[in-house]
Amino acid sequence: MRTLSKNWVTEGLIDFEYKKYQLLAYLQETNRHFQAAMLYPSLGELIEHHRNLNEFKSGKKKLSDMFPKALSNVDLDQAKLHFEPREKDGNLIEEINQITDFALPKIEKQIREGRTIYDYVEEQIEFEPVGIQPLYNREGFVLLTRENSADVHAFRYKSGLLQFAGEKFRSVSLWLIGVFQKTLVKTLEALKLDLVKEVKELPNPATWRLHSQQSFPIDETLVPISKRLLLQHVKA
C-alpha cells in the first residue's frame, strides 16, 4: 500500500506541485481501501497526518522538528553523533504553508468518509457475551463470525494500561488462536469449553461473540472495531 511518512511535507523535494501529486496519490489509495471497507491502517494514518499538520499550522510544532537532520560530525571522544537541521527560511516556509493549506481540507474530507464507513460497519455488528461472564474480564476470548459463513475466528485478548508521557492509556491486544467451523453440535458455547481446556491459564475466561451481518475484512476492519468494543466492555 502507498503510504506517507510522518514528515512527508518536509522530506525530499519541497515543491507544492510535487507534494500535491504525492498527497493525491496517497488519498486515492486510501479511498480505494475505504471503498472495499478496509479501514485500517489508513484511517489511523490519516488522523495522525491531520494532527501533525494541524499542530504545525497552529504553531505548536516547530518547523525544525519536521525537517530531517543531516549528520554534521562525529565526536569519537564522547561517542556522539551531531546533527544539524536542514531548515531554510523565506520561500521554503511559504511553500510548506501552501502545501499544508492544500492538504488539511483534503485529509479532513477523507477522514469524514472513513468515519462514515466505520459507523456503517459498526451498525452491522452484534457484540455480546457468550455464557456467564466472570467478574475478571480483562482477558479472555473473542469469537468472530460473519453472516453466511460457518467459520469462527477465535481470538484471545488481554487489556491493560500503557504509560506514555506521564499519562496512562487503556489498551487491548488481540491475537488469533485458530479458525473453527460452527455446526449444530459445535456451538459457540461448546467452542468456548474447548478453548478453556486448551488454554489452561484461563480457567473461567470472559468470552465475547462479535458477529458481522456482512463479510467485512477481518484484519483491516473487524479486528480494530473488536478492540474498541472490548475497551468499552472490559474493566480497567
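**Rings and a buried leucine**

Guide: Happy to! Keep in mind that this is a predicted model. Phe16 is buried, and Phe102 is buried too.

Visitor: What makes the pair of Phe16 and Phe102 edge-to-face?

Guide: Ring centres have to lie within 6.5 Å to pair, and planes over 60 degrees apart count as edge-to-face. Here the centres are 5.6 Å apart and the planes sit at 85°, so edge-to-face it is. Phe16 is in helix 1 and Phe102 in helix 4, so the pair ties together parts that are 86 residues apart in sequence.

Visitor: Why is the pair of Phe127 and Trp208 called stacked?

Guide: Stacked calls for planes under 30 degrees apart. The planes of Phe127 and Trp208 are at 10°, with centres 5.3 Å apart, so this pair is stacked. Phe127 belongs to strand 3 and Trp208 to strand 7, 81 residues apart, so the pair links distant parts of the chain. Both Phe127 and Trp208 are buried.

Visitor: How many aromatic pairs are there by this rule?

Guide: The count comes to three.

Visitor: What does Leu144 touch, not counting residues up to four places away in sequence?

Guide: Its contacts include Phe155, Leu210 and Ile218. The C-alpha atoms of Leu144 and Ile218 are separated by 8.8 Å, though these residues are 74 apart along the chain.

Technical notes
Residues numbered from 1 in each chain as written. Predicted model: local features only at pLDDT ≥ 70, side-chain atom pairs only at ≥ 80, totals over all residues. Heavy atoms only, no water. Phe/Tyr/Trp six-rings, centres within 6.5 Å; stacked < 30°, edge-to-face > 60°. Helix = DSSP H or I, 4+ residues; strand = E, 2+ residues; numbered from the N terminus. Buried < 20%, exposed > 50% of the residue type's maximum accessible area, 1.4 Å probe, protein only. Contact = heavy atoms within 4.5 Å.
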